[in-house]
Amino acid sequence: MLTAMKFITTSLFFGSAAAFSLDMMKAGEYGAGLNRREIVDKTLAILGSAATAIISTPAISNAYSVPDLTYNYEALEPSIDSKTMTIHHDKHHATYVANLNKARDGKSDVPIVDLMADALEAGPAIRNNGGGHYNHAFFWAEMAPPDKAKSTKPSKQLTGLIKKSFGSMDVMKEKFEKQAAPGAVFGSGWVWVCVNRAGNKLEIVGTPNQDNPLMKGVIKDQIMIPILGLDVWEHAYYLKYQNRRTEYVSNWWNVVDWDKVSANCKYAVEKHAGVPMQG
Ligand SMILES: [Fe+2]
């Protein structure tokens, strides 16, 4: 919308300048008591005002965007079907981004990860749409087509943390699936594997709606740093799995890119901060 406004503003200013020049020229050299030099100077002054107005307009409106997938919509089949991916990425995620841009209109640009900590305080528009943008960008980036995903594996660091925190990968998956079951995250929400604030242990948590563990006030009294997350909103699986959320969750492991999760883990441990997202 702001782009359109800028266009109109620009057109009005430059239109005024052009009209002024034309009128003066039509009126004859001295029609308005101005000579050619004065007409040129006046026109340039109007153009200068236009430039100043455009430069001083707050730059926003399309600050956030839906990041492109690094694979095709059908690439995650059979775990996640092509139609679900298309609607989920192009419609659901795009809506969060559009509403976030609207909510942030006029404010300075900040990376989406930096909006997370105070999202609750910022109010529902930022909490829901900012969370929706961060969570989905995170989700697309941690997945890969099954053939590729199969060739990825947890790093030594991640393997060590999994062992220390859960005993084994199998136990971690079991706990994660339990947290992803409808009884644990009732209705819409997410399940996460997080690095704790101290950076020395992993925890599994569920969050409602589009909340995530980076938001102050969501998980007890602390912030945790997500390294793996699963969307358990019905829009993420209903077309293929209908009410069978458990089946969706267990098939989803086949498209987890453990190289990416390992990179997330490294970032979280080293920086003690949420992993930045594209878009
Ligand atoms: Fe979703």
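The three strands of the protein form an open sheet in the order S2-S1-S3, with antiparallel pairing; two strands are taken to pair if DSSP finds at least two bridges between them. S2 and S3 are the edge strands, each pairing on one side only. Direction ignored, neighbouring strands of this sheet are turned by 25° against each other on average. The model is a predicted one, in which local features need pLDDT of at least 70 and side-chain atom pairs count only at pLDDT 80 or more, whereas totals for chains, interfaces and linings use all residues. Residues are numbered from 1 along each chain as its sequence is written.

The secondary structure comprises 11 helices and three strands. Helices (H or I, at least four residues) and strands (E, at least two) are DSSP runs, numbered from the N terminus. Along the sequence the pattern is α-α-α-α-α-α-α-α-β-β-β-α-α-α. Of the 279 residues, 32% are buried. A residue is buried if 20 or more other C-beta atoms lie within 10 Å of its own, exposed if 12 or fewer, and partly exposed in between, with C-beta atoms placed from the backbone. Among contacts between residues at least 6 apart in sequence, 69% join residues at least 24 apart; two residues are in contact if their C-beta atoms, placed from the backbone, lie within 7 Å.

Strand S1 (residues 189-195) is joined to the antiparallel strand S2 (residues 202-208) by seven bridges. Along this pairing, glycine 189 stands opposite proline 208, valine 193 has isoleucine 204 as its bridge partner, and valine 195 has leucine 202. S1 and S2 form a hairpin with six residues between them, and glycine 199 in the turn has a positive phi of about 75°. S1 is also joined to S3, again antiparallel, by six bridges. In this second pairing, cysteine 194 stands opposite proline 226.

Seven of the seven residues of S1 are buried, so the strand is largely enclosed by the rest of the structure. In a regular strand the side chains alternate between the two faces of the sheet. In S1 both faces are covered: the buried residues are Gly189, Val191, Val193 and Val195 on one side and Trp190, Trp192 and Cys194 on the other. Helix H5 (residues 124-141) lies across S1 and S3 and runs at about 85° to S3. Such angles run from 0 to 180 degrees between N-to-C directions, and axes are lines fitted to C-alpha atoms, for helices over the stretch in contact.

The largest nonpolar core has 58 residues, and those with the most contacts inside it are Val191, Val193, Cys194, Val195, Ile227 and Val255. Strand S1 supplies the largest share of this core, six residues. A nonpolar core is a set of buried Ala, Val, Leu, Ile, Met, Phe, Trp, Tyr and Cys residues joined through C-beta atoms within 7 Å. Leaving aside neighbours within four places in sequence, valine 195 is in contact with Leu202, Met224, Ile225, Ile227, Cys265, Ala268 and Val269.

The axes of helix H7 (residues 156-166) and H11 come within 8 Å and cross at roughly 80°. H7 and H11 are therefore roughly perpendicular to each other, a class that spans 65 to 115 degrees, with angles under 35 counted as roughly parallel, over 145 as roughly antiparallel and the rest as oblique. Gln157, Leu158 and Leu161 of H7 make the contact with Val261, Ser262, Cys265, Lys266 and Val269 of H11.

In H10, the buried residues are Tyr248, Val249 and Trp252. These residues cover an arc of only 95° around the axis, which puts them on the same side of H10; the arc is that of the directions from the helix axis to the C-beta atoms. The cover over the buried residues of H10 includes helix H8 (169-180), strand S3 (225-231) and H9.

Most residues other than glycine have a negative phi, and most peptide bonds are trans. A cis peptide bond, with omega about 5°, joins glutamate 77 and proline 78; proline 78 is in the loop between helix H2 (36-56) and helix H3 (82-103). Glutamine 242 has a positive phi, near 50°, and is located in the loop between helix H9 (238-241) and helix H10 (245-252). This glutamine 242 counts as exposed because it has 11 C-beta neighbours inside 10 Å. Histidine 272, in the segment after helix H11 (258-271), has a positive phi of about 55°. With 13 C-beta neighbours inside 10 Å, histidine 272 counts as partly exposed.
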